Amino acid sequence: MRNRQGMRAFAAALLLAGTALTSPAAPQELRIGMKAQVDGADPHQLYTPNRNVQLHVYEPLVWQDERLHPQPRLAVSWRVVDPLTWEFTLRQGVTFQDGSPLTAEDVIFSIRRAQQIEGARTYRVYVRDIVGMEADGPHLVRIRTRAPAPTLPSLLTGFGIVSARAAQDATAADFNGGRAAIGTGPYRWVRLALGQDVQLERHAGYWGQAEPWSRVTFSFVPNDSARVAALLAGDLDVIDTVPPGLYNRVRDSDRTQLLTATSSFTLYMQLDQKRDRSPFVVGADGQALERNPLRDRRVRQAITHALNRTAIAERAMEGAAEPAGQFAPPGFDGHVPSIAPPAFDPALSRRLLAEAGYPNGFGITVHCTSDRFAGDGRVCQSVGQMLSAVGVRAQVDALPASVFFRRAGTATSDPEFSMLQSIYSGLPGTAQENMTALLRTFTPSLGLGAANRGRYSNPELDALLARADATVEDAARERLVAQAVTMAMEDVALVPIFYWKGSWGLRRGLTMTPRGDQYTYATDIRATR
């Protein structure tokens, strides 16, 4: 009898051990569900979902904390040598995943590759001012710029450093297959199954603290309901981009938890301020107006005061947004505490329209995306209704993102729209860099105004931002950026509406540090029990 009981106990122990080893929630395996798909391992091709995964394998010279402030990583320190020269000191004792040491030559090779790589998705705009680099021994890199570049450390956070030996002449297939996917990060690239998942394994020779997860799998689950269902069923440990309509399902389950945080992404409207006659602006008779009303600041003020940002954030976005009145949320570089979101004041809007010569308003089409994030089309409809209520009779045309951005203007074509709604954050997440992209006079040859689809142009603002670009002393530069933000908002250069909140679902027993760029890093996720 005792022997049979012992055998049964032994069998039960084996069963439990087998369950622990094969359970999808085994402590050392982490399964993350992503809405977007990763399509490549080359860290110098700029695409947000790719970067989210790639920065586990490759590390940048400078890291970003959760509010996107620059922090040491492969560079332990940096300093300005003279107005046109930066010096970066590399961390010693770092090796690539093939065992070769990290040197200054690898850093120079990586930056040069980021400048020269072909394609539409590159980091060239962030390294646009670098004109020369040299190594002073294996652990010191000097970078020369064509003009003072005080924010260069922030601009170098975007892309990973690769092994010059492994990446020389490497193709996309070499990276995707793993041969060239050699970084210094805490995880090794194992497999990319296009349309399915990416698998990473812990790098045993990592220079930093060992990660608790021996394997990390990023699965691509674009359907929101399916992604949430997989989390609730225990098939995934963490998911990103929980849509507001499913917040309660994640929050109320005894197996999962919801995490939200304000991100650096700002939803805004850009207005056509270039053309004398704007293509989607009409009078009461439905005919095109001879004069573009959007070029009148009073009309732009009327538009911004027509919007009930709190209602949009709480109702249209179901709580997944925070009202915005500038280019960076609180806690991010360039936020000006004294600038509040514009007041919702329909009476003031009507009065401003009348003062501008439009007592009966005018008609306009608002173009926006219908599939870029949960709620974009719904927000667009709300904006249209609020504008119509003050006399700016708005029709809404919500388009697939692929169509919208093709028509919204490129480096070689002007925008087709009169008023568009979009969402933006530059990689550094700073007001200075966001204004450079959204509001500097459109100058493709200099990488300025790359996302300026309203073709706003203000020489005074350009000059102020140029001064900020050339100011090395942090406090002085911050004052110039604050002046630029104030000037842009007083001129209603564009119309900020809200800051988008990042959202994640986690199984209970995990904790995660939410990031302003909405990335999901395994290195930010830990087990609590």
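Guide: Let us begin with a cysteine: Cys 368 has a relative accessibility of 0% and therefore counts as buried, where buried means under 20% relative accessible area, exposed over 50% and partly exposed in between, with a 1.4 Å probe and protein chains only. The model is a predicted one, in which local features need pLDDT of at least 70 and side-chain atom pairs count only at pLDDT 80 or more, while totals for chains, interfaces and linings use all residues. Residues are numbered from 1 along each chain as its sequence is written, and side-chain values use heavy atoms, with hydrogens and water left out.

Visitor: To which residue does a disulfide join Cys 368?

Guide: A disulfide is taken as a pair of cysteine sulfur atoms within 2.5 Å, and by this rule the count comes to 1. The partner of Cys 368, which lies in strand S15 (residues 362–369), is found 12 residues apart from it in helix H12 (residues 376–390), where helices (H or I, at least four residues) and strands (E, at least two) are DSSP runs numbered from the N terminus. With an S to S distance of 2.4 Å, the residue joined to Cys 368 is Cys 380.

Visitor: Is the disulfide of Cys 368 and Cys 380 left-handed or right-handed?

Guide: A disulfide is a covalent bond between the sulfur atoms of two cysteines. Because the torsion about the S-S bond of Cys 368 and Cys 380 is about -110°, the disulfide is left-handed.

Visitor: With which side chain does the side chain of Ser 422 make a polar contact?

Guide: Ser 422 is found in strand S17 (residues 419–424), and because its relative accessible area is 5%, it is buried. Leaving aside neighbours within four places in sequence, its contacts (heavy atoms within 4.5 Å) include Thr 266, Leu 267, Tyr 268, Phe 404 and Phe 405. A polar contact is a pair of N or O atoms within 3.5 Å, where within protein one must be able to donate a hydrogen and the other to accept it, and residues adjacent in sequence count only if both atoms are side-chain atoms. At 3.3 Å, the side chain in polar contact with that of Ser 422 belongs to Arg 372.

Visitor: Which residues line the second largest cavity?

Guide: On a 1 Å grid over the protein atoms alone, a cavity is a set of points where a 1.4 Å probe fits but cannot get out, and a pocket is an open set with protein on both sides within 12 Å along at least five of seven lines, lining residues having an atom within 4 Å of a point. The second largest cavity has a volume of about 50 Å³, a volume being the space filled by probe spheres set on the points, with grid points joined across faces, edges and corners. Strand S12 (256–271) and H14 each supply at least two residues of its lining. The lining residues are Thr 266, Tyr 268, Phe 327, Tyr 424, Asn 434, Leu 438, Leu 494 and Pro 496.

Visitor: Which element gives the most to the lining of the second largest pocket?

Guide: About 550 Å³ of space lies in the second largest pocket, and of its 26 lining residues, Thr 151, Asp 333, Asp 474, Arg 477 and Glu 478 lie nearest the centre. The elements that give two or more residues are strand S4 (75–82), helix H4 (152–155), helix H14 (431–438) and helix H16 (474–490). The lining divides into 12 nonpolar, 7 polar and 7 charged residues, where Ala, Val, Leu, Ile, Met, Phe, Trp, Tyr, Cys and Pro count as nonpolar, Asp, Glu, Lys and Arg as charged, and the others, Gly among them, as polar. With 6 residues, the element that gives the most is H16.

Visitor: What is the phi of Glu 318, which is not a glycine?

Guide: Most residues other than glycine have a negative phi. Glu 318 lies in the loop between helix H10 (309–316) and strand S14 (321–323), and its relative accessible area of 38% makes it partly exposed. Its phi is positive, at about 50°.

Visitor: Is Gln 518 buried or exposed?

Guide: Gln 518 is found in the loop between strand S19 (510–512) and strand S20 (525–527), and its phi is also a positive value, near 70°. Because its relative accessible area is 16%, Gln 518 is buried.
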